[in-house]
Amino acid sequence: MIKRIGLKSTFKVMYFVTILSMSGVLYIQMTMSDREGRFIMPPLLLLSGFGVTVIFMSCYITTFTIFSVKDRGSAMKWCNIVSRSLTIFAPFIAEMEHPWALVIMISFLIFSLIAVNFLKI
């Protein structure tokens, strides 16, 4: 997919797919009962998991095109520091009232989609 449409477009498409599927999950949880949404929810969750996986693997595989060799170690170091620091808050977010965890996830996805536009690739 990266070779066909390019790295930046891959990021944009997969972020968009993930945002749409997570928004669908949020909509189903807010409006439908468990019984009504039981057939729609699994494909949406699978699609969002696929989107996040493609985004992560694209980042991991193509870091050498985004960063120079000199800066790659520093970039990976800072990404690890930030990600490990933010995972401290994961249990607190998971225990929040019903829609907030999904709203926070969708807002991070939207922020990342906007940030992809500033990549110089």
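Tutor: Of the 121 residues of the protein, 23% count as buried, where buried means under 20% relative accessible area, exposed over 50% and partly exposed in between, with a 1.4 Å probe and protein chains only. This is a predicted model, in which local features need pLDDT of at least 70, side-chain atom pairs count only at pLDDT 80 or more, and totals for chains, interfaces and linings use all residues. Residues are numbered from 1 along each chain as its sequence is written, and side-chain values use heavy atoms, leaving out hydrogens and water.

The protein has 7 helices and 0 strands; these are DSSP runs numbered from the N terminus, with at least four residues (H or I) for a helix and at least two (E) for a strand. Its C-alpha trace spans about 55 × 35 × 20 Å along the principal axes. Of the contacts with a separation of 6 or more, 71% are between residues 24 or more positions apart, a contact being heavy atoms within 4.5 Å.

Let's look closely at the largest nonpolar core, which has 17 residues. A nonpolar core is a set of buried Ala, Val, Leu, Ile, Met, Phe, Trp, Tyr and Cys residues joined through side-chain atoms within 4.5 Å. Phe11, Tyr15, Met22, Val25, Ile55, Leu102 and Leu109 touch the most other members. Helices H2 (7-31), H3 (41-61) and H7 (100-116) each give two or more residues to this core, and H2 gives the largest share, 9 residues. In soluble globular proteins, nonpolar side chains tend to be buried together.

Beyond residues up to four places away in sequence, Val25 touches Met41, Leu44, Leu45 and Leu102.

Now follow H2 to H7. Among the residues of H2 that meet H7 are Phe11, Tyr15, Met22 and Val25, and their partners in H7 include Leu102, Ile106 and Leu109. These two helices pack at an angle of about 160 degrees, with their axes 10 Å apart; axes are lines fitted to C-alpha atoms, for helices over the stretch in contact, and angles run from 0 to 180 degrees between N-to-C directions. H2 and H7 are therefore roughly antiparallel, since angles over 145 degrees count that way, under 35 as roughly parallel, 65 to 115 as roughly perpendicular and the rest as oblique. Their crossing is left-handed, as the near helix is turned anticlockwise from the far one by less than a right angle (clockwise would be right-handed). The residues of this contact divide into 14 nonpolar, 4 polar and 2 charged. Here Ala, Val, Leu, Ile, Met, Phe, Trp, Tyr, Cys and Pro count as nonpolar, Asp, Glu, Lys and Arg as charged, and the others, Gly among them, as polar.

Next comes the packing of H2 with H3. Their angle is about 150 degrees and their axes are 8 Å apart, so H2 and H3 are also roughly antiparallel. This crossing is left-handed too, and the contact holds 17 nonpolar, 8 polar and no charged residues.

Ser21 is buried, with a relative accessible area of 1%, and, not counting residues up to four places away in sequence, touches Leu44, Leu47 and Ser48. Leaving aside neighbours within four places in sequence, Leu44 is in contact with Ser21, Gly24, Val25 and Ile28.
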